[in-house]
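User: I want to learn how to read ligand sites, pockets and cavities. Can you take me through them step by step?

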Amino acid sequence: MSDSPKLTRRPEWVALEDHRAGGLLHPRLRELFAADPARAERYVVRVGDLRIDYSKHLITDETLALLLELATATDVFGLRDAMFRGERINVTEDRAVLHTALRAPREAVIEVEGENVVPAVHAVLDKMADFAGRVRSGEWTGHTGKRIKNVVNIGIGGSDLGPAMAYEALRAFTDRDLTVRFVSNVDGADLHEATRDLDPAETLFIIASKTFTTIETITNATSARSWLVAGLGGDEKAVAKHFVALSTNAGKVSDFGIDTANMFEFWDWVGGRYSFDSAIGLSLMIAIGPDSFREMLDGFRIVDEHFKSAPAEANAPLLLGLLGVWYGNFFDAQSHAVLPYSHYLSKFTAYLQQLDMESNGKSVDRDGHPVEWQTGPVVWGTPGTNGQHAYYQLIHQGTKLIPADFIGFVNPVDELSDELKDQHDLLMANFFAQTQALAFGKTPDEVRAEGVAEELVPHKTFKGNHPTTTVLASELTPSVLGQLIALYEHKVFVQGAIWNIDSFDQWGVELGKVLAKRVEPALTEGADVPGLDPSTAALVAAYRTLRKK
Ligand code: F6P
């Protein structure tokens, strides 16, 4: 039990409230830049290949100093060190939180319960590399001796979003002769669409589930097995060459009928949403090859090392975390947009939704007391230019404050034709123009100076002052992807530490699971569900009436 003062009663918190209510009541980016143009250079932090510009934020040196004092008072770095040391900082599940060990170098020593976990991490990575190599070379064949041409990952949440996102992100690095698909939804349409044009003899299923009890995954895996066995003439022995498992639960893997020799292990100190550089990344490793996968892990490690050792005022995850606290807690911002200007990052924000919202969507503190402050934001967004023609209107001229991260790359991927590469400057012109427009807007006088009719002036005015972070890298490589993900992982960590919540449990997903189990017999068999509320009972009755089968 912690006896530290409640967050909102800390003097450092009160100082931020005073700062907000005083000098920074109406901070204007136009004025902040006019008074201090050097902030454009000063508010930039570099980590690995990332250049992170936070100059277009509603902050001054004093704001930053006060935010850093809050970080010190809430002992963010103490908790960080405990995490890296393998202490059980996931208090409600009594577990260590060691996804950083998944990208530790071979020679590192990280102990859990007195045992160095690094050799086991590398043993699994080596086993994955061996298997990925055999699938890619055609040495690992299907039951009939045909080469594997299709890989279908079946998993959900952290056992899907990471590899699915990274596969899209790194398409230019993938073996284009392989078809790689991701099935997560228990809606049978997902598996149907993923398999309808595939030859079972050429298809490998990767069943990814930390617990191996998740109903969506086990249901889809069971249907995939039926599809495969039926497609291969009913021979159950085919399963051995077409199914592998990624899990912490060898017993359940074996109960399902997958030989544990074909299981790639990870450990309970790896949270689901932090797992994709564990065995959960196998589908990605098959797609991009072991070397690129290791390059990606190196990228994660660059940011881990930075987070561990960079001074507070130049520590990128710390600064981004603090900026999020600044808006969420002192400006009442409810959401945070992540807007990548890269088609390849089309699933990046969806990945971050689980990372951030499952981690920090909490309303009790680490001791179980209700929090009296806002915690994690709603994270949302899609690739930039598409958003510009959809929801940017609201960011520019709506009534809400929506801090946003803009992520862009100086160079397009090599694979594009020269003509398509030439489009990149246009893409990036939009990237730069948007943060400029959001920050500085357009005043009524500027609108009038263009000869706009007076009655339209309010409509064409942009208040500006919308805060953004710009993350720029030379190109999207496996290492850069690893750096970006680790940046957000640690940002989420920082915020959870300040809010004093457990960022590593996810009890909020349990109730729905339990109720679904209870309701299902009512749908399939019309069984009575004791204690069903009247609204849900009426919906279930309507469903039964309309059901065709
Ligand atoms: O949604 C809850 C959750 O437990 C996530 O945290 C996790 O990533 C997902 O379900 C899948 O769990 P598993 O890998 O055990 O199938």
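This is a predicted model: local features need pLDDT of at least 70, side-chain atom pairs count only at pLDDT 80 or more; totals for chains, interfaces and linings use all residues.

User: Which side chain has a polar atom 2.6 Å from an oxygen atom of the ligand?

Analyst: Thr 211 does, through a polar side-chain atom. Glu 358 also takes part: an N or O atom of its side chain is 2.6 Å from a ligand oxygen atom.

User: How much of the ligand's accessible area does the protein cover?

Analyst: The protein covers 88% of it. On its own, the ligand has 400 Å² of accessible area.

User: Now the shell. Which residues come nearest to the ligand?

Analyst: There are 13 residues around the ligand. Ser 159, Ser 209, Thr 211, Thr 214 and Glu 358 come nearest. Then sort the shell by class. Nine of its residues are polar, two are charged and two are nonpolar.

User: What is the general idea behind finding pockets and cavities?

Analyst: A probe the size of a water molecule is rolled over the atoms, and this shows where empty space is left. Next, ask where the ligand lies. Here the ligand sits in the largest pocket.

User: What volume does the largest pocket have, and how many residues line it?

Analyst: Its volume is about 1,400 Å³. The lining has 50 residues. Those nearest the centre are Ile 156, Thr 214, Ile 215, Glu 216 and Lys 513. Thr 214 is also among the residues that come nearest to the ligand.

User: Which helix gives the most to that lining?

Analyst: H23, with eight residues. Helix H23 spans 510-524. Helix H8 (188-195), helix H9 (215-231) and helix H15 (348-360) each supply at least two residues as well. By class, the lining has 20 polar, 18 nonpolar and 12 charged residues.

User: What about the second largest pocket: where is its centre, and which residues lie nearest to it?

Analyst: Look around Ser 342, His 343, Leu 416, His 424 and Leu 427, which lie nearest the centre. This pocket has a volume of about 520 Å³ and is lined by 19 residues.

User: How do cavities differ from pockets?

Analyst: In a cavity, the probe fits but cannot get out, whereas a pocket is open. There are four cavities of 30 Å³ or more in this model.

User: Which residues line the largest cavity?

Analyst: Among them are His 57, Leu 320, Tyr 327, His 336, Asp 405 and Lys 491. The space inside is about 70 Å³. Helix H14 (residues 316-330) gives the most to the lining, with four residues. Four lining residues are nonpolar, four polar and two charged.

User: And the second largest cavity: what space does it hold, and which elements give two or more residues to its lining?

Analyst: It holds about 50 Å³. Strand E10 (335-340), H15 and helix H22 (478-499) each give two or more residues. The lining includes Val 338, Leu 352, Asp 356 and Tyr 488. By class, six residues are nonpolar, one is polar and two are charged. His 336 and Lys 491 belong to this lining, and they also line the largest cavity.

Methods. Residues are numbered from 1 along each chain as its sequence is written. Side-chain values use heavy atoms; hydrogens and water are left out. A residue is near a molecule or strand if one of its heavy atoms lies within 4 Å of it. A polar contact is a pair of N or O atoms within 3.5 Å; within protein, one must be able to donate a hydrogen and the other to accept it, and residues adjacent in sequence count only if both atoms are side-chain atoms. Accessible areas come from the Shrake-Rupley method with a 1.4 Å probe; for residues, only the protein chains shown count as cover. On a 1 Å grid over the protein atoms alone, a cavity is a set of points where a 1.4 Å probe fits but cannot get out, and a pocket is an open set with protein on both sides within 12 Å along at least five of seven lines; lining residues have an atom within 4 Å of a point. A molecule sits in a cavity or pocket if more than half of its atoms lie within 2 Å of its grid points. Ala, Val, Leu, Ile, Met, Phe, Trp, Tyr, Cys and Pro count as nonpolar, Asp, Glu, Lys and Arg as charged, and the others, Gly among them, as polar. Grid points are joined across faces, edges and corners, and a volume is the space filled by probe spheres set on the points.
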